Amino acid sequence: MLASRLPGILPALTEAEALEAAAIRSVAGCGIDFHKWKTRPFRAPHHTASAVAMVGGGPVPRPGEISLAHRGVLFLDELPEYDRRVLEVLREPLESGHIVISRAAHQAEYPAAFQLVAAMNPCPCGYAGDPAGRCLCTPEVIRRYRARVSGPLLDRIDIQIAVPRVALTELSNGIAAGESSASVRVRVVVARERQLQRSGKPNAALSNREVLKHCALAASDRLLLERALDQLGLSARAYHRILRVARSIADLEASAAVGTAHLLEAIQYRRALGAT
Ligand SMILES: [Zn+2]
């Protein structure tokens with residue numbers, strides 16, 4: 001439910017981006033819904049989706065789900081259930097923002113700069129960590145289940161959060177008190193505008209060199225980050241990714257500098273799966 005709300009808090013597409021999305025849909029043979037013009041796409045392919053359906057292909061290579069999700073959200077529910085080979089081909093477009101599909105006679109390149117959102121259970125039965133103690137999975141079963149999602153893919157997921165079970169009564173009470181997507185979007189748009197003014201692009205698109213320039217840390221925070229990477233067994237890639245997230249947290253708070261609290265929060269988002 002949270003994932004499907006994400007397009008509602010993202011800034012609208014520009015006219016040029018909306019045309020680009022329409023062109024991709026057209027090449028893929030999908031219709032264009034003008035009621036959703038400038039709304040960022042939300043794609044949720046089922047875990048039985050083939051590699052071709054996911055990344056594109058066919059005799060005359062057509063765009064797949066990752067291109068239909070360009071500048072929007074690709075949501076993979078029950079991540080470990082997807083074919084591991086399908087998941088592994090996501091790694092390249094997650095870095096580059098495009099996909100090259102090669103077939104014997106044809107080669108095609110499609111844009112694929114999507115926001116990956118994925119959900120998974122803590123174990124096959126879904127109850128691991130539940131205070132009621134209903135999980136009967138053995139540690140080995142849990143280990144094997146989680147290992148279906150590779151380290152290199154997890155490494156590219158910047159924000160990982162454990163979501164504890166919510167009681168039904170709490171959920172219905174929460175609806176009344178919750179904030180609307182429209183009001184969250186106002187904050188997002190302001191933070192994004194701040195990014196565009198500073199560097200001419202959103203934080204997600206900063207090169208590693210630009211990250212070091214725009215997300216400069218105090219010496220003590222640099223040390224803190226290096227130690228955290230070491231403890232969590234994270235790669236050098238994660239270093240820059242954590243800095244981008246910290247920069248965005250600072251932007252949401254209208255803070256010019258990336259401070260210790262922003263950095264700690266960004267590191268925290270790496271612990272949910274890494275620490276178990
Ligand atoms: Zn279980």
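Me: In this predicted model, how do the axes of helix H1 (residues 2-9) and helix H10 (residues 181-199) lie, and at what angle do they cross?
Reply: The two axes come within 8 Å, and they cross at roughly 60°.

Me: Which residues make the contact of H1 with H10?
Reply: From H1, Arg 5, Pro 7, Gly 8 and Ile 9 take part; they meet Ser 181, Val 184, Arg 185 and Val 188 of H10. By class, four of these residues are nonpolar, two are polar and two are charged.

Me: What makes H12 oblique to H13?
Reply: The axes of H12 (residues 219-232) and H13 (residues 236-252) come within 10 Å and cross at roughly 130°. Because that angle lies between the perpendicular range, 65 to 115, and the antiparallel cut-off, over 145, H12 is oblique to H13. H12 passes H13 in a right-handed crossing.

Me: Which residues of H12 and H13 meet, and how do they divide by class?
Reply: Arg 222, Leu 225, Glu 226 and Leu 229 in H12 are in contact with Ala 238, Tyr 239, Ile 242 and Leu 243 in H13. The contact has six nonpolar and two charged residues, and no polar ones.

Methods
Residues numbered from 1 in each chain as written. Predicted model: local features only at pLDDT ≥ 70, side-chain atom pairs only at ≥ 80, totals over all residues. Heavy atoms only, no water. Axes fitted to C-alpha atoms, helices over the stretch in contact; angles between N-to-C directions. Helix = DSSP H or I, 4+ residues; strand = E, 2+ residues; numbered from the N terminus. Parallel < 35°, antiparallel > 145°, perpendicular 65-115°, else oblique. Left-handed = near helix turned anticlockwise from the far one by under 90°. Contact = heavy atoms within 4.5 Å. Nonpolar A, V, L, I, M, F, W, Y, C, P; charged D, E, K, R; others polar.
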